[in-house]
Amino acid sequence: MLHANYGQRTLEQELEAFRAQAAFFEAAATLEIDLNYLGVIGGSSLTDLDQPVPTGVVEPPGIPSTYVPFRNTNLLAAAVAWAEVLGAKALFIGANVLDNPGYPDCRPEYFEAFSRVIELGTRPETHLAIHTPLIDLDKAGIVRLGLELGAPFHLTWSCYQDGIRACGRCSSCRLRLKGFAAAGIPDPIPYQSSP
């Protein structure tokens, strides 16, 4: 399991969730990498503390301020490098196209193109497939699948805000809460407030 610090405001919560999940799943290997330059580059309310994270119910049209420029490409590049060293055959990422707020690097065609990059940019004997099992599910579908698989939802973090409790107001929290409600179960993580 791989975790990346990319200068995100929720690094502490995400790292805690990553370590707890790695222990829960008894991961054979873990790697925590530093992509802090994405935070230095800025351009996102997730990495730039001078930009507020939007909490309105209606988001403005276009790519939202929470988009971290080219983040998935940087994350995948690091993951592919490690996977190639390990001799792995598969790489899994939880990207989702239905309920994402319009991030261009969460689309199926992006992952298809990146698969070609892997093919061209790794050793000839490397055969690494990217899997996006959540790509076409809405949040309720993700929650239902997680329940079916026994996912430790209590060890996860989705909020875009920095805090001990999830804010309940950012777009990520609203989508998560909506997904749990549609699946008919309560979200097990603590919230400051709900939308």
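User: Which helix does Gly141 lie in?

Analyst: Quick ground rules: this is a predicted model, where local features need pLDDT of at least 70, side-chain atom pairs count only at pLDDT 80 or more, and totals for chains, interfaces and linings use all residues. Residues are numbered from 1 along each chain as its sequence is written, and side-chain values use heavy atoms, with hydrogens and water left out. Helices (H or I, at least four residues) and strands (E, at least two) are DSSP runs, numbered from the N terminus. On that basis, the residue 139-149 run that holds Gly141 is helix H5.

User: Is Gly141 buried or exposed?

Analyst: The cut-offs are under 20% relative accessible area for buried, over 50% for exposed, and partly exposed in between (1.4 Å probe, protein chains only). Gly141 has a relative accessible area of 15%. Because that value falls under 20%, Gly141 is buried.

User: Which element do the buried residues of H5 pack against?

Analyst: In H5, the buried residues are Ala140, Gly141, Ile142, Val143 and Gly146. Contact here means heavy atoms within 4.5 Å. The partner of those buried H5 residues is H6.

User: Which residues touch the most other members of the largest nonpolar core?

Analyst: A nonpolar core is a set of buried Ala, Val, Leu, Ile, Met, Phe, Trp, Tyr and Cys residues joined through side-chain atoms within 4.5 Å. The largest one has 37 residues, and the two touching the most other members are Leu76 and Phe111.

User: Which helix gives the most to this core?

Analyst: Helix H3 (71-86), helix H4 (108-121) and helix H6 (171-183) each put in at least two residues. The top contributor, with five residues, is H3.

User: How many disulfides does the structure hold?

Analyst: A disulfide is counted when a pair of cysteine sulfur atoms sits within 2.5 Å. The count for this structure is zero.

User: Which cysteine sulfur is nearest to that of Cys170, and which to that of Cys173?

Analyst: Cys170 is in no disulfide, with the sulfur of Cys167 being 3.7 Å away. Cys173 is in no disulfide either, and 3.6 Å is the distance to its nearest cysteine sulfur. Cys170 is buried at 0% relative accessibility, and Cys173 is buried at 1%. So the nearest sulfurs are, for Cys170, that of Cys167, and for Cys173, that of Cys159.

User: How many salt bridges does the structure hold?

Analyst: The test is a side-chain nitrogen of Lys or Arg within 4 Å of a carboxyl oxygen of Asp or Glu. One of the pairs is Arg19 and Glu32, at 2.8 Å, N to O. The total is five.

User: Why does the Glu84 and Arg123 pair tie together separate parts of the sequence?

Analyst: Their side chains meet in a salt bridge at 3.5 Å, N to O. Glu84 is buried at 19%, whereas Arg123 is partly exposed at 45%. Glu84 lies in helix H3 and Arg123 in the loop between H4 and strand E4 (129-131), so the parts they tie together are apart in sequence by 39 residues.

User: What is the N to O distance in the salt bridge between Asp187 and Arg176?

Analyst: Asp187 is in the segment after H6, and Arg176 is in helix H6, 11 residues apart. Asp187 is buried at 14% relative accessibility, and Arg176 is buried at 6%. The distance is 2.6 Å.
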